[in-house]
Amino acid sequence: MALPPPDPQFVLRGTGAAVHTLHFSCGGQEPDVPVLFSGSENGFIHVWNLKTHRVDTALDGHGRKSVYCVDTMGGKNRLLSQGRDQRICLWDLAEGRTSVTDSVFTENVGFCRCSLLKVAQGRWLMAMAAKALEEVQVLELPSKMSVCTLKPELGAKLGMPMCLKLWQLSCGSQPSLLAGYEDGSVVIWNLSMGKALSQLACHQEPVMSLDFDSEKAKGISGSSEKVLSIWSLNEQQNLQVYKTHKLVNAGISDITIRPDKKILATAGWDHRIRIFGWKKLKPLAVLDYHAATVHCVSFSDHKNPGERLLAAGSKDHRISIWSIYTQT
């Protein structure tokens, strides 16, 4: 008999607005306090202390416009945030500082989250939706030098990029970009050639979120429909549909595979978080706590598997924190 799903381990309240993005930074050594970054519709980024369950710092750098992406660059003192003010900000949070050290003006009106990839010590690639509606721009950070602009072929009619994922097989191998588009396609781009290698129609509706397991060369995407699409990338860099999984209710805002590649979580328009086994997409749990759309899900990067957490942010202004399937 299946166990009933657990309650949240704890709930973080106090953002004062819908929560659109979450990112953990828990990989440090003691006495380094594990933190969770959240970005809200009111333009604030909150730095949550996971020991006290309270906000350590509130950052205001996006002119009170919704923040829809937060990420870190090699530790919790270097934060990247992206907002509806068309800016991506780089923050220095060391020694209690709360300053924006640099920013990129994207000139993009959509809400496609940028994607970061560490390519060398102190060097990162960042992919972002560009000013021209169908294009993706890749920059190097911290230099902000342009690496390439990825333009669909004439007549491709992909629409706007909706979600992006930079990845590489191992440090030093060629980075690639997976992009989900408004027409429901997922495209893999070669960055050094600046061209699309393969395109796959995964959904009838815009791709809202995707994640990719580079070890298994297998990815997953969700849209506003009642279906998750699982696809694979063969050695010729061609995308193929692996299988689809029908959902009870339509609408997926976010998908994330846990770093150990054992399970994945989806954020649902039906207010629910769903947990699946990644190997066979076996449904494992439905976490029913939120009173409105769940916008984002994120797994923690704790070194010790037993401490691993799942966070979910919702339109109901709350962040639920779960300890689930921590025994591997």
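Analyst: We begin with burial: a residue is buried under 20% relative accessible area, exposed over 50% and partly exposed in between, using a 1.4 Å probe and protein chains only. Trp231, with a relative accessible area of 0%, is therefore buried. This is a predicted model, in which local features need pLDDT of at least 70, side-chain atom pairs count only at pLDDT 80 or more, and totals for chains, interfaces and linings use all residues. Residues are numbered from 1 along each chain as its sequence is written, and side-chain values use heavy atoms, leaving out hydrogens and water.

User: How many aromatic pairs does a search of the whole structure find?

Analyst: Rings of Phe, Tyr and Trp (its six-membered ring) pair if their centres lie within 6.5 Å; planes under 30 degrees apart are stacked, over 60 edge-to-face, and the rest tilted. The search finds two such pairs. Trp167 and Phe212 have ring centres 4.7 Å apart and planes at 50 degrees, so this pair is tilted. Phe212 also pairs with Trp231, and this pair is stacked, at 6.1 Å centre to centre with 10 degrees between the planes.

User: Which residues do the ring pairs link into a cluster?

Analyst: Trp167, Phe212 and Trp231 are linked. Trp167 is buried at 10% relative accessibility, and Phe212 is buried at 6%.

User: What lies over the face of Trp278?

Analyst: A charge sits over a ring if NZ of Lys or CZ of Arg is within 6 Å of the ring centre and within 35 degrees of the ring normal. Here Lys218 lies over the face of Trp278, 4.4 Å from the ring centre.
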